[in-house]
Amino acid sequence: MLTRRAALMGAAGIAATPVLAKAAKAEEIMDTSMAEPVDLSSLQRIKRRLVRPPMVHEHEQTAPGGPRIVEFEMQIIEKEVEVDSGAYLQAMTFNGSIPGPLMVVHEGDYVELTLYNSPENLMQHNIDFHSSTGALGGGSLTLVNPGEKTTLRWKATRPGTFVYHCAPGGPMIPWHVVSGMSGAIMVLPRAGLTDHKGDPVKYDRVFYIGENDFYIPKDEKGEYKRFEDVGESYPDTLEVMNGLIPTHVVFNGKVGALTGDNALHASQGEKVLFVHSQANRDTRPHLIGGHGDLVWETGKFNNPPERDLETWFIRGGSAGAMLYEFLQPGVYAYVNHNLIEAVNLGATAHVVVEGDWNNDLMEQVQAPIEYDAVYEGKTALP
């Protein structure tokens, strides 16, 4: 059954931007008020405060007891973001960050999210959880206009890492996603992670890396355009998007977001869990100088992890997880191993690891010196 509000939204959209802010089709708006209520009053409630990626909010690796209702709050913010020097994106974000925050719960828990669409925004928004069941992942129950909020509760029935993203209907879906509106949730098994043998696995820290492809228009001089607001950016952005060639492929919202002063940090001997999401395009993460000790390439913890991978594959619209124990100090480059996208378009992160060098693993037997080119020969062939 359609609600009156759904019918009005389908007919009118938002008056301020009637062409851009098309509402979801009427058949995608659900009224679930006739369903039998569920009594969850016996369950413990806990509140989690979301933090900006690549960091992750406080959580337990193993569930401390029975299922809980885990409460989150998230605000939708439309804002301009400088993706690279002189390249500005009219972004749409969950909680002001690209990607949106990583949420962590356990299998069997209930996720209860209150979603706020800031009144100064121009667009309708919602949230589609790939990890949930029914109603377009919650998208048909969370469509909110500027100045509205909604609360959705769903049961985490499948362990793993999953994407969430905005999906307000029709051509708005890809535009909102490539404008920054995606994130991930990690549903841990209640007993925690296990390796390929089924033995328990612990991690010392988590890094959440959200990869985005951006499509920023240029003018006739080849300079990046800058727009007054997200609505004004739509027609030109759509034209670039439909060409399927991104201007930027980045980690965590912009070029250099995780390098230089923003580099990630770990210590020798630490086991680090990398959660990597891409809501729109395929990608192939690789840790230069390290390996994927345990890799849940599809991100699903019911499946045994693969071991010792050099590069792994994350399908567009999914999230994966990799665990690595850092054995040597130094700077590690975590990249999309389409190296054009890593080096030229921005998909690179650095992990700075402190510790003591182990010559047994790698030794510089001779530092670079000049040699007699005539004596050594000019070719490597016999």
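## Salt bridges, cores and a surface patch

Glu270 is buried, and its relative accessible area is 17%. Buried here means under 20%, so Glu270 falls below that limit. This model is predicted.

What does Glu270 pair with? Its side chain meets that of Arg205 in a salt bridge, with 2.9 Å from N to O. Arg205 is partly exposed, at 30% relative accessibility.

A second pair is Glu341 with Arg281, a salt bridge of 3.0 Å from N to O. Here too, distant parts of the chain are linked, 60 residues apart. Glu341 belongs to helix 4 (residues 339-344). Arg281 belongs to the loop between strand 15 and strand 16 (285-288). Is Glu341 buried or exposed? Its relative accessibility is 7%, so Glu341 counts as buried.

Some salt bridges share partners. In this way Arg45, Glu71, Glu112 and Arg153 are joined into one network. The structure holds ten salt bridges. One of them is between Arg45 and Glu71, whose closest N and O atoms are 2.6 Å apart. Arg45 lies in strand 1 (residues 44-47) and Glu71 in strand 2, so the pair ties together parts 26 residues apart in sequence. Arg45 is partly exposed, with 41% relative accessible area. Glu71 is buried, at 17%.

Three of these pairs are listed here.

| Salt bridge | N to O distance |
|---|---|
| Arg45 and Glu71 | 2.6 Å |
| Arg205 and Glu270 | 2.9 Å |
| Glu341 and Arg281 | 3.0 Å |

Next come the nonpolar residues. In soluble globular proteins, nonpolar side chains tend to be buried together. The largest nonpolar core in this model has 32 residues. Met74, Phe94 and Met103 have the most contacts inside it. Which strand gives the most to this core? Strand 2 (residues 68-84) does, with four residues.

Trp357 is in the loop between strand 21 (348-354) and helix 5 (373-376). Its relative accessibility is 45%, so Trp357 counts as partly exposed.

Definitions and conventions:
Residues are numbered from 1 along each chain as its sequence is written. This is a predicted model: local features need pLDDT of at least 70, side-chain atom pairs count only at pLDDT 80 or more; totals for chains, interfaces and linings use all residues. Side-chain values use heavy atoms; hydrogens and water are left out. Helices (H or I, at least four residues) and strands (E, at least two) are DSSP runs, numbered from the N terminus. Buried means under 20% relative accessible area, exposed over 50%, partly exposed in between (1.4 Å probe, protein chains only). A nonpolar core is a set of buried Ala, Val, Leu, Ile, Met, Phe, Trp, Tyr and Cys residues joined through side-chain atoms within 4.5 Å. A salt bridge is a side-chain nitrogen of Lys or Arg within 4 Å of a carboxyl oxygen of Asp or Glu.
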